[in-house]
Amino acid sequence: MARPLGPVRLKRTSPGTIAVGIVLVIVILYLLVSPSAPDFSAARKATAALHPLSPPTSPFRKSSAVGGKAGPPPVTRYNLNNVTITNDPVGNRENVLVLTPMARFYQEYWDNLLKLSYPHELITLGFILPKTKEGNAATIELQKQIAKIQKHGLEKERFKSIIILRQDFDPPIPSQDESERHKMANQKARRAAMAKARNSLLFTTLGPDTSWVLWLDADIVETPPTLIQDLASHSKPLTVPNCFQRFYNAEKKAMDERPYDFNNWQDSPTAQELASKMGKDDILLEGYADMATYRALMAYMYEAGADIHTEVPLDGVGGTALLVKAEVHRDGAMFPAFPFYHLIETEGFAKMAKRLGWQATGLPNYKVYHYNE
């Protein structure tokens, strides 16, 4: 037989508990009715690709496919006359493609890249790496760093898009040590391979909305944060700064610096005469005592304390850091992997660009720095 219940006493709720409950209800309602926080800015959304086959320089976000199938690639019309290339690329929201052939990964290179003050949402990064043991290690480390920024970094730190390519040919020399890379006997084969890598990277990544292409070697570890803006402010078809290298000077017992890139030069009668006597498959090389060309090297034109925006015309350029108007590449200027007027790779590129009507310009007092092994 059930016993009748006595009087029920309700426990009085404290004002603090009621207040907490009200706050929780408000938070839940806010989360339900408010839109989710976007991980892409409005500018990124506006330029996001609609399909994986869209230009690689467009940011791409995977969307849920209808019925489990992706839609057909869109037919898009691009008017290249609307692509501006000006001396104020930030103000005109101009897209920059930063291309780096990479055999080894240097953390200093990546850290310097992240410090570039040009809006990252306007920068596409492109890399090409060899299928070697060192190349595999570099690819793994590069992907780690990319994931940190693109997945977990702040919105302003993320780049517009990033492309990684792997070379489909074997490197001509087994070692990428500095001493081995710069042996004179290795230059023709090494630089021909470098030209192929650069061309593969360029032809695969150049998008219809790209205004500028910055070639930046993987061992350039120090540049001004305003590198892109500074070079673009000259509004030249090809603009190259002076590449130096920091080192410990045993005689001074202190850190010092020295010129590094000798591929930025003005031609000489001696070099032209040497070329006239060469076979069709021979190339001129710079920076070697066995082949004295007596060219005027920009590496030795630096003047301490002088205007960093001083300009000099050049006939040959290096690729350690080189800003190119995208229309120069669109006109057909590429990196010859064969002797072109007895020049190859970046020096051949400057010659080809000049034949197309584009003049190279050097900034002898504007310095960037190369890694010291």
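This is a predicted model: local features need pLDDT of at least 70, side-chain atom pairs count only at pLDDT 80 or more; totals for chains, interfaces and linings use all residues.
Me: At what angle do helix 6 and helix 10 pack?
Reply: Helix 6 (residues 187-205) and helix 10 (residues 345-355) pack at about 60 degrees, with their axes 8 Å apart; axes are lines fitted to C-alpha atoms, for helices over the stretch in contact, and angles run from 0 to 180 degrees between N-to-C directions. Helices (H or I, at least four residues) and strands (E, at least two) are DSSP runs, numbered from the N terminus.

Me: Which residues make the contact?
Reply: Helix 6 brings R191, M194, A195 and R198, and helix 10 brings E345, T346 and E347, where contact means heavy atoms within 4.5 Å.

Me: New topic, how many aromatic pairs are there?
Reply: The count comes to seven, if rings of Phe, Tyr and Trp (its six-membered ring) pair when their centres lie within 6.5 Å, with planes under 30 degrees apart called stacked, over 60 edge-to-face and the rest tilted. One of them is F262 with Y300, a tilted pair at 5.7 Å centre to centre and 40 degrees between the planes.

Me: Where do those two sit in the chain?
Reply: F262 is in the loop between strand 7 (254-259) and strand 8 (265-266), and Y300 is in the loop between strand 9 (296-297) and strand 10 (312-314), so the pair links distant parts of the chain, 38 residues apart.

Me: Is Y300 buried or exposed?
Reply: Y300 counts as exposed at 58% relative accessibility, since buried means under 20% relative accessible area, exposed over 50% and partly exposed in between (1.4 Å probe, protein chains only). F262, at 22%, counts as partly exposed.

Me: What lies over the face of Y341?
Reply: K351 does, at 5.1 Å from the ring centre; a charge sits over a ring if NZ of Lys or CZ of Arg is within 6 Å of the ring centre and within 35 degrees of the ring normal.

Me: Last one, what does I162 touch?
Reply: I162, in strand 3 (residues 161-166), touches L125, F127, I146 and Q150, not counting residues up to four places away in sequence.

Note on methods:
Residues are numbered from 1 along each chain as its sequence is written. Side-chain values use heavy atoms; hydrogens and water are left out.
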